[in-house]
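Subject: Structure handover

Hello,

Here is the structure I promised to pass on. Please open it before you read the notes below.

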Amino acid sequence: MTAAILIDKLKSFIENSVKDFSLPERVQEGDTEEIFRAPNVYKLRLDSSGEAKKKAPYIIIQLENGAHKQVKGENAQASVNIRLIFCVYHEDEQEGAVALLNVIEKVRMDLLRHIVIGGCFKLDTEEKLEWLIYNEDTAPYYAGEMIGTFLIPPIEREAETWLKP
């Protein structure tokens with residue numbers, strides 16, 4: 001089980017978590033009415049970063065870093081740090097800020113309620129699950145992020161015999 005599989009499982013988990021949201025998209029040239037929908041969830045990057053403002057609302061799942069260690073005489077341990085980037089759009093600044101907070105809180109609560117993702121990845125509750133809202137004046141777009149550590153199945157060595165003296 002790899003970090004790439006974790007990202008796939010997180011994508012499904014987060015899509016399910018936010019499926020009931022009805023957030024506005026910015027009216028684009030040629031559109032005749034405002035469209036409301038749940039945030040789209042992207043793995044690692046937007047499909048076109050040049051269109052970031054056109055994609056809102058969205059959530060990006062990014063891999064920040066990973067670690068694998070095995071202390072002699074103990075089981076191997078592996079983990080990855082995942083960053084979730086949240087972006088919503090709203091013409092009303094107060095409504096936009098509240099919408100962003102609601103999306104972040106829904107994902108945070110669901111992660112903390114379920115902890116295990118895809119049957120084999122576990123949110124490490126001994127580490128912080130941090131989130132923040134970007135306070136820059138970016139209206140009508142509002143963004144924030146969440147960072148958490150997930151335990152992933154470690155790689156077990158198959159060739160121990162040649163290492164023995």
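By class, how many nonpolar, polar and charged residues does the lining of the largest cavity have? Eight are nonpolar, one is polar and none is charged. Here Ala, Val, Leu, Ile, Met, Phe, Trp, Tyr, Cys and Pro count as nonpolar, Asp, Glu, Lys and Arg as charged, and the others, Gly among them, as polar.

Some background. This is a predicted model: local features need pLDDT of at least 70, side-chain atom pairs count only at pLDDT 80 or more, and totals for chains, interfaces and linings use all residues. Residues are numbered from 1 along each chain as its sequence is written, and side-chain values use heavy atoms, without hydrogens and water.

The cavity
A cavity is a set of points on a 1 Å grid over the protein atoms alone where a 1.4 Å probe fits but cannot get out; lining residues have an atom within 4 Å of a point. The count is one cavity of 30 Å³ or more. The largest has a volume of about 50 Å³, the space filled by probe spheres set on the points. Its lining includes L10, L111 and F150. Strand β9 (141-152) gives the most, four residues. Strands are DSSP E runs of at least two residues, helices H or I runs of at least four, numbered from the N terminus.

The helix pair
Helices α1 (residues 3-18) and α3 (residues 93-114) pack at about 120 degrees, axes 10 Å apart. Axes are lines fitted to C-alpha atoms over the stretch in contact, and angles run from 0 to 180 degrees between N-to-C directions. Contact means heavy atoms within 4.5 Å. Among the contact residues are L10 and F13 of α1 and V107 and L111 of α3. The contact residues divide into seven nonpolar, two polar and two charged.

Best wishes

Methods:
On a 1 Å grid over the protein atoms alone, a cavity is a set of points where a 1.4 Å probe fits but cannot get out, and a pocket is an open set with protein on both sides within 12 Å along at least five of seven lines; lining residues have an atom within 4 Å of a point.
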